[in-house]
Amino acid sequence: MKKKIKGKQAQHLATKTSRSVSESKIFFDELLTRYNRRDFLHSDPIQFPHRYNDPKDQEVAAFIAALFAYGSVNLIARAVETILKPLGESPAKALRAYTGRENLWPGFYHRFHNEKHLVVLLKVTGGILREHGSLGIFFEKCYLAGGRD
């Protein structure tokens, strides 16, 4: 059974929490102001979604960049570039049509992932896009379902 917090203890905790939240907001706003500039994009995987205008393409590029964002910046950029290039101007559209029958990434290797892993990942991603319309909708459904399904 959880102990209920009452009176001055609850007030202190509420004040401390709201102060922590406001201090955190100030800190993160300062970071955003300092680093959310185009001249910093070249050194961050977030550069890839910025290449696209369509939110669905941005979503796919961001998802791929996030999945492969481990290792050195140069290796990450090379891997994500290698993945996105065959998908053309619309990665979301390309993946919706992708069946996994052809390997568009022969010889792909990033850290411990190879072309076979990539083909499966992108085939599944394409299936999610076909069935749910976007990755965001899919993840939201999973979240709301509490991880069931």
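This is a predicted model: local features need pLDDT of at least 70, side-chain atom pairs count only at pLDDT 80 or more; totals for chains, interfaces and linings use all residues.
I counted two rings of Phe, Tyr or Trp (its six-membered ring) as a pair if their centres lie within 6.5 Å, calling planes under 30 degrees apart stacked, over 60 edge-to-face and the rest tilted. Residues are numbered from 1 along each chain as its sequence is written, and side-chain values use heavy atoms, with hydrogens and water left out.

**Entry 1: aromatic pairs**

I found six aromatic pairs in the structure. I took helices (H or I, at least four residues) and strands (E, at least two) as DSSP runs, numbered from the N terminus.

For burial I used relative accessible area: under 20% is buried, over 50% exposed, and in between partly exposed (1.4 Å probe, protein chains only). Tyr 70 is partly exposed at 21%, whereas Phe 112 is exposed at 56%. I also looked up Tyr 98 and Trp 105, an edge-to-face pair with 5.5 Å from centre to centre and 80 degrees between the planes. Both Tyr 98 and Trp 105 are buried. Phe 63, Phe 138 and Phe 139 are linked into a cluster by ring pairs.

**Entry 2: helix α3**

I read 13 residues in α3 and a span of 18 Å from first to last C-alpha, close to the 18 Å expected at 1.5 Å a residue; the expected span is 1.5 Å times one less than the number of residues. Its buried residues are Asp 57, Val 60, Ala 61, Ile 64 and Ala 65. Viewed down the axis, the buried residues of α3 lie within an arc of 130 degrees, so they line one face of the helix; the arc is taken over the directions from the helix axis to the C-beta atoms. On the face turned away from that side I noted the exposed residues Pro 55 and Ala 66.

**Entry 3: the chain overall**

I recorded seven helices and two strands, in the order α-α-α-α-α-β-β-α-α along the sequence. Of the 149 residues, 25% count as buried.
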